[in-house]
Each structure stands twice: as structure tokens, then as C-alpha cells.
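Please read them alongside the model.

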Amino acid sequence: MAKFLIEVPHNEDELACMRAIESFVKSGNHFLAHAEWGCEDNEHKAWMIAELESREQAIRILPSMYRDRAKVTKLFHMTAEDVRRYKEKKGLRTTEGLAS
């Protein structure tokens with residue numbers, strides 16, 4: 001499974017906000033019902049992080065009216081050891097870029 005950040009914009013008017021929030025909350029989908037919203041800060045988007053099989057599956061969990069404008073970003077985590085190995089693989093000295 002991969003981890004994805006799903007960003008879903010919606011129109012800025014108050015009615016559009018309520019429609020989006022209501023459709024997510026009432027969807028019955030765990031990820032949608034627990035989305036985070038930026039509307040109160042004038043950022044008319046919802047965000048959620050979900051562990052899913054694919055980017056396509058991430059899009060499919062959204063209500064159809066929001067799929068075209070959604071942005072799905074695959075996330076990953078790196079430890080200090082991962083950074084060291086990456087720099088070694090790329091031939092970077094440990095004093096270049098991030099400290100080892």
C-alpha cells in the first residue's frame with residue numbers, strides 16, 4: 001500500500017463549501033468523512049491522507065463531481081539513514097546538501 005495526500009478544491013461561495021463538506025461527511029467513506037477543510041482560512045479545499053493501492057483508487061474514493069480537479073500526491077518518509085544512502089548512491093559528499 002502507498003500513502004497519498006489527496007487535495008480537493010471546490011468553489012469559494014458558502015453554498016459550495018457546505019455542499020462539498022456535506023457530500024464528504026455523508027458519503028460513508030472513512031477518508032472523506034475525516035477530511036480536513038481550509039474554508040475558514042479562505043483556502044477552499046479539503047485534504048486527506050489515505051493508504052491505498054494506487055493513485056487511481058485515491059481518485060475513485062472521491063464523489064464524481066470532484067474527481068477532475070483533485071490532486072493526488074504519493075507521499076514517502078525518509079529517515080536519516082535513507083538520506084545517507086541516497087547521498088552515497090548519488091555520489092554526494094556528506095558535507096553537501098543535508099548534513100549526515
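1. Tyrosine 66 is buried, at a relative accessible area of 7%. Buried means under 20% relative accessible area, exposed over 50%, and partly exposed in between (1.4 Å probe, protein chains only). The model is predicted: local features need pLDDT of at least 70, side-chain atom pairs count only at pLDDT 80 or more, and totals for chains, interfaces and linings use all residues. Residues are numbered from 1 along each chain as its sequence is written, and side-chain values use heavy atoms, leaving out hydrogens and water.

2. The whole structure holds 2 aromatic pairs (ring centres of Phe, Tyr and the six-membered ring of Trp within 6.5 Å; planes under 30 degrees apart are stacked, over 60 edge-to-face, the rest tilted). Phenylalanine 24 and tryptophan 37 pair edge-to-face, with 5.1 Å centre to centre and 65° between the planes. This pair links distant parts of the chain, 13 residues apart: helix α1 (residues 14-25) and strand β2. Helices (H or I, at least four residues) and strands (E, at least two) are DSSP runs, numbered from the N terminus.

3. Phenylalanine 24 is buried at 1% relative accessible area, while tryptophan 37 is partly exposed at 26%. Phenylalanine 24 also pairs edge-to-face with tyrosine 66: 5.7 Å centre to centre, 75° between the planes. Tyrosine 66 lies in helix α4 (residues 64-67) and phenylalanine 24 in helix α1, so the pair ties together parts 42 residues apart in sequence.

4. Where is histidine 44? The loop between β2 (36-37) and β3 (45-52) holds histidine 44. Histidine 44 is buried, at 11% relative accessible area.
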